[in-house]
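Load the model in your viewer and keep the sequence panel open. This tour moves from selection to selection and says what sits at each stop.

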Amino acid sequence: MAEPAPTARVVARHSLRYRRGADPAIDRPAFVRAASALVWSGDDLIVIQDDALFVQVNRIQDTDSLRLVEFADRVARRLERDRPGRVVIDLRANTGGDGQLLPPLVRALIADRGINRHGRLFVLTGRRTFSAAQMLVNQ
């Protein structure tokens, strides 16, 4: 018996090209839109919905401009303010860092009762996900 053909439903249409930049009233930032609209997972094409908060983490480390604990606080405040239906953590380009910096980020994610349940938190990994980034996935 053949598997049924996949179907799609168009909910809204918004151009991904703008003459004067992205329209923040209807769109996510350009770097998020470009990285999150469609994602391949094995043989499956995943469409990340607009009610998802997309969090890209490229290094597990403090920088001069932002400490990871501050980043975790921003994520927690965004979860509280926006109440997204899902959270997608993108670690595909994360080659690691300092695993001792992870607890505030993990706590921010598990403290949110709307996200800390089945089918609400997704983590994207890839061939460049290593070290402390893999520790985050395991936790």
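**Overall layout**

Along the sequence, the protein runs α-β-β-β-α-β-α-β-α. That pattern comes from 4 helices and 5 strands. Helices (H or I, at least four residues) and strands (E, at least two) are DSSP runs, numbered from the N terminus.

This is a predicted model, in which local features need pLDDT of at least 70 and side-chain atom pairs count only at pLDDT 80 or more, while totals for chains, interfaces and linings use all residues. Residues are numbered from 1 along each chain as its sequence is written, and side-chain values use heavy atoms, with hydrogens and water left out.

Colour by accessibility. Of the 139 residues of the protein, 29% count as buried. Buried means under 20% relative accessible area, exposed means over 50%, and partly exposed lies in between (1.4 Å probe, protein chains only). Among contacts between residues at least 6 apart in sequence, 72% join residues at least 24 apart.

**Stop 1: the sheet**

Select S3, S4 and S5. These 3 strands form an open sheet in the order S3-S4-S5, with parallel pairing. Strand S3 (52–56) and strand S5 (121–124) are at the edges with a single partner strand each, so one side of each has no neighbour in the sheet. From one strand to the next, the twist averages 15°. Two strands pair if DSSP finds at least two bridges between them.

Check the pairings one at a time. S3 and S4 run parallel and share 5 bridges. Ala52 has Arg86 as its bridge partner in S4, and Phe54 stands opposite Val88 in S4. Strand S4 (residues 86–90) is joined to S5 by 4 bridges, again in parallel. For Asp90, the bridge partner in S5 is Leu124.

How many residues of S3 are buried? The count is 4 of the 5, so S3 is largely enclosed by the rest of the structure. S4 is mostly covered too, with 4 of its 5 residues buried.

**Stop 2: two helices**

Select helix H2 and helix H3 (residues 103–111). H2 and H3 pack at an angle of about 10°, and their axes are 8 Å apart. Axes are lines fitted to C-alpha atoms, for helices over the stretch in contact, and angles run from 0 to 180 degrees between N-to-C directions. The angle makes H2 roughly parallel to H3, a label for angles under 35 degrees.

Show the side chains at this contact. H2 contributes Val69, Phe71, Ala72, Val75, Ala76 and Leu79, while H3 contributes Pro104, Leu105, Ala108 and Leu109. By class, this contact has 10 nonpolar, no polar and no charged residues. Ala, Val, Leu, Ile, Met, Phe, Trp, Tyr, Cys and Pro count as nonpolar, Asp, Glu, Lys and Arg as charged, and the others, Gly among them, as polar.

**Stop 3: Asn94**

Go to the loop between S4 and H3, where Asn94 sits. Is Asn94 buried or exposed? Asn94 is buried, with a relative accessible area of 0%. The Asn94 side chain reaches the backbone oxygen of Val57 at 2.9 Å. Not counting residues up to four places away in sequence, Asn94 touches Val57, Asn58, Arg59, Ile60, Arg128, Thr129, Phe130 and Ala133.

**Stop 4: Arg83**

Next, pick Arg83 in the loop between H2 and S4. Arg83 is partly exposed, at a relative accessible area of 48%. Which side chain does the side chain of Arg83 meet in a polar contact? The partner is Asp112, at 3.1 Å. A polar contact is a pair of N or O atoms within 3.5 Å; within protein, one must be able to donate a hydrogen and the other to accept it, and residues adjacent in sequence count only if both atoms are side-chain atoms. Leaving aside neighbours within four places in sequence, Arg83 is in contact with Arg78, Asp112 and Gly114. Draw a C-alpha to C-alpha distance from Arg83 to Ala52: 9.3 Å in space, 31 residues apart in sequence.

**Stop 5: Asp51**

Finish at Asp51, in the loop between strand S2 (44–47) and S3. Asp51 is partly exposed, with a relative accessible area of 36%. Asp51 touches Pro84, Gly85 and Arg86, not counting residues up to four places away in sequence. Asp51 and Arg86 lie 35 residues apart in sequence and 6.6 Å apart in space, C-alpha to C-alpha.

Conventions
Angles under 35 degrees count as roughly parallel, over 145 as roughly antiparallel, 65 to 115 as roughly perpendicular and the rest as oblique. Contact means heavy atoms within 4.5 Å.
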